[in-house]
Amino acid sequence: MSKKTRIPPMLKRAVSHIFTKPVTTKYPFVKPTLPADFRGQQVFDINLCVSCGLCSRDCPAKAIEMVVIDGKRRPQFKLDSCIFCYQCAESCPRNAIKSSVFYELATTDKSSLVLKPQASVERRASPQ
Amino acid sequence: MIDFWLIFRILVFPGFTFVLLLTLFCDWMERKIEARIQNRVGPMVAGPFGILQPLADFIKLLTKEDIQPRDAKKFIFKFAPLVAFSVMVFAMCFLPVDGASVLSVSGFNGDLIVILAFVTIANFLLFLSGWASSNPYGAIGSARVLTQFLGYDIPLFLVGLTPAFIAGSLSIAAIASAQTIPYIVLAPWAFVLFIISMQAELEKDPFDIPHAESEVVGGLETEYTGGKLAFLHLTRDVQIVFGAALVVELFLGGSSGPVFFGLPAFWYSLWFVLKLLAVVVITEYITCVFARLRLDQVLSANWKILLPSAVLSLILTVAMVTWVYPLVV
Amino acid sequence: MPNSNVNIISVIESKLKDKVQIQPGQLGTAAIATTNGLHREVIQTLLDADEKTAITSITGLDLGANLGLLYHIRTSNAFVTIRAEVPRESPKIQTITDIMPGAVFHELEVADLFGIVFEGHPSPGHFVLSDNWPEGVYPLRKDVNPYDVKLNPSKDVITQPSDGKQVKIVLGPQHPALLEPEKFVVTVDGETVTRVDPRVGYVHRGIEKATESRTFLQDVYLVERICGICNSIHACSFVETVEKILKIEVPQRAKYLRVIALELNRLHSHLLTLGHAGLEIGYETLFQYFWRDREPIMDLIELTSGNRVYSSLMTVGGVRRDIKEEDIPKIKATLTDLRKKLPFYRQVYEDEPSLKMRMKNVGVLKREDAIKLSVVGPVARGSGYDIDVRKDEPYEAYGEIPFKEIVYTQGDTWARMNVRMDEVEESINIIEYAIDNLPPGPFRVKAPRVVPAGEAVNRVEAPRGELFYYVKSNGTAMPERVKVRTPTYANIPAFLKTAIGESIADVPSNFVSLDPCFSCTDR
């Protein structure tokens, strides 16, 4: 062992930390604030959709399927395959796909992760 | 009547229940201190400030499936953790918590030797439990336990005898009550050496080589699950409490302290617990600020530094007892 | 006499003019067409001409009747691709491992995926593919559909724990010291390691094959998922390679924005490793401190890109989102905070005795060995082998940003960790400079989805070292071949070399000092 006259810095730092506030984020009791353009669950506006299918074609994870609703082809998002890259939003010529800050998508029911295109897609209700 | 009192003392206070609660509390405190040193919050959900977390962990482990490896030596695998736990609790009974030890008859002259032997037995049982699991990692972990405690048992014994020399007795109660000036003041070098060898004996950082999970996975605990694992963990926690309690008895004046009003036994227990917690804080602090050493580094440090220092400490103590202390005390 | 300022091309021209054909192009400084046998001669010439000659990768190609081989060789000031072709029926070529030991893994990989036999290879066998992979099926050949491959029934491989004298310890595929599955059979004599047998491929996902059935646009997100930690750099390298084929010039602002994203990535990757090294030597407090300080960087990545881990910022022609003016003060404040914490860590590395006992003189890799084994990144720089693609071959805006190249000469675990520590500070400087000097203008240009036929190579400096991409396009929207050589793949030989003769207890800390990333390694 080499002889060092200096005191190892950790000795001091460890004591000083006992008297400082912990940095831990107390999730889930305290939720973090997210930037406004966080890439969370998609919000799809059916009124803007022109049924072009570009989102489905470009999706790298093949998470968007075009389904026929009221005689028109509309995107159906499978969030369990989605990688949240938002290429769909970028490809969409009408900005019908927008991001939201909703991120708590864990569920025990996989079918609830399929977002059916409706007149207005609600945020998926959290599982009971 | 006497019998009821004795049973109460064995089972509730300062016996089994008290030791168990103190262990769980110390476990919680260790985790909390470690967390705060590392700038985290530590346990916070179970109970106020997460104080019930160790109990919750213990109960959770008890409810888990108990798996026995096909090749394990069944009897030893099953009973070694339990016996180790019992030995540690039994050793605790010799320590005078509220001024007298649990069984007043047990406080015979020479019980210091007995409880130091108990520490060895418990470590040996832990070694057996790892060896019996027939897992290479368990075997390596156990071998490391054995190697390390062979190295550190001798210094621990030697340094543990220092207070006995000063007090002129091998009885813990006598050593504790002889400390009008705590021996940490009279023999600080012995205190430091004792803490270091205790740290190694209890396998805490920087000596937690048997638990180096990046090298030996779970060490001797690798194959243990469920209730047996719970008891292995508990044994380790009792060992830590026991080590701290031993330091309190030998160097910090045991349970002595000012008595203000009411039952003296209450105040004695209070002082004892407070001193014990202080020692736990010190050991946990050491754990946090050092990295784990390598087995060869630990062993060479032991044989080259600690053992000679322990012998020197003993010589120094004898010299002090002969020529210096009579002038002071 | 080796000379680092020599013009490699003129050396080749003067020595082998009549034998080889030098083609300018997108494959580095030059592409040299050779034949079986001649490629060894060219490599030997390069080795003689420049002391820092090392192999970056070997790319296999399916050219129809022939199988192609591209040897990518780097020297101190050039990057050369050596072409060779072998007939499909009897794909045999001489090995180069005897003159260039760093090529062992690269040849194994090509042999596994293309079925090319390297005559004279020291340890042939499955390396990337599983042991029950059928004989004669080489997945990266064009006629193989991976969905049709029928695996042989798998056999239990039981490593005998002991063969008389020496004990074998199996590290992995599942082991607490390895955060990702990979197997290393460590033979020990007492506590001393005498032999290490690696086996990678446990997380081989066939991404190189998968890129061939997706569009270039989708591939950007696919290659980003090769590695979770250095995701931006993978995407960045891929889009740069595609831009080279497309001959698109990225707007200046995009270059700076890419640099910011890449350096944020490097920051969080280095802090992660520094903390992880603490965990491996049982220094949990240090680990917690590093990871605590990493968290604000993750928040910055979330702020600038919209996601904590996968930034998905890169796209062909620029970046996908601009940095917002109102976020700049927050970014700067976070970086200043981190910079203030660095002196403490440096002091810990300088003064903490138990840490130095575990890190100093552990896993010493000498400079000659580092060059011979062709290691990259902080591992090379910790051994005094000064390669940093950001300096050697500046990409994006790195040519305009002043920063230091960190080199330590001790070559041990401690030096490798200190390289990373100093690079954290350099990264902070780079980001601050880039933010202050962010040029105005557009941040992306429109890029066509169909890429004209062509091929290109690209090298970037990932947090773990030189990352190499080769992309070949056949004029459609999907690439013909994408080859990725990740830094860990090049660095594992360094571990195999340094572990021998050391204590088994030093294996984890030695290993983690390479900053291993097996998802990268296996792809």
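Predicted model: local features only at pLDDT ≥ 70, side-chain atom pairs only at ≥ 80, totals over all residues.
Residues are numbered from 1 along each chain as its sequence is written, while chains are lettered from A and ligands numbered from 1 in the order in which they are written. Local features need pLDDT of at least 70, side-chain atom pairs count only at pLDDT 80 or more, and totals for chains, interfaces and linings use all residues; side-chain values use heavy atoms, with hydrogens and water left out.

**View 1. Helix α11 of chain B, residues 226–251.** Helices (H or I, at least four residues) and strands (E, at least two) are DSSP runs, numbered from the N terminus. The end C-alpha atoms of α11(B) are 38 Å apart, in agreement with the 38 Å that its 26 residues should span at 1.5 Å a residue; the expected span is 1.5 Å times one less than the number of residues. Of these 26 residues, 23 are buried, so α11(B) is largely enclosed by the rest of the structure. Buried means under 20% relative accessible area, exposed over 50% and partly exposed in between (1.4 Å probe, protein chains only). Gly253(B), with a positive phi near 80°, follows the helix.

View 2. Arg74(A) is buried, its relative accessible area being 10%. Beyond neighbours within four places in sequence, its contacts (heavy atoms within 4.5 Å) include Glu65(A), Met66(A), Val67(A) and Pro117(A).

**View 3. The largest nonpolar core, with 178 residues.** Such a core is a set of buried Ala, Val, Leu, Ile, Met, Phe, Trp, Tyr and Cys residues joined through side-chain atoms within 4.5 Å. Leu276(B) and Tyr349(C) touch the most other members, and α11(B) contributes the largest share, 15 residues. Apart from this core lies another, of 37 residues, among them Leu171(C) and Phe518(C). Leaving aside neighbours within four places in sequence, Tyr349(C) is in contact with residues including Phe290(C), Trp414(C) and Met421(C).

**View 4. Domain 1 (8–145) and domain 2 (207–314 + 337–522) of chain C.** These bounds come from an automatic or database domain assignment. The domain centres, taken over C-alpha atoms, are separated by 25 Å, and 34 residues of domain 1 are in contact with 33 residues of domain 2. Between them the domains bury about 2,800 Å², 53% of it on carbon and sulfur atoms; buried area is the accessible area (1.4 Å probe) that two parts lose on being put together, summed over both. In domain 1, Gln26(C), Arg74(C) and Phe105(C) lose the most area to domain 2, together 23% of what that side buries. Five salt bridges are counted between the two domains, each a side-chain nitrogen of Lys or Arg within 4 Å of a carboxyl oxygen of Asp or Glu.
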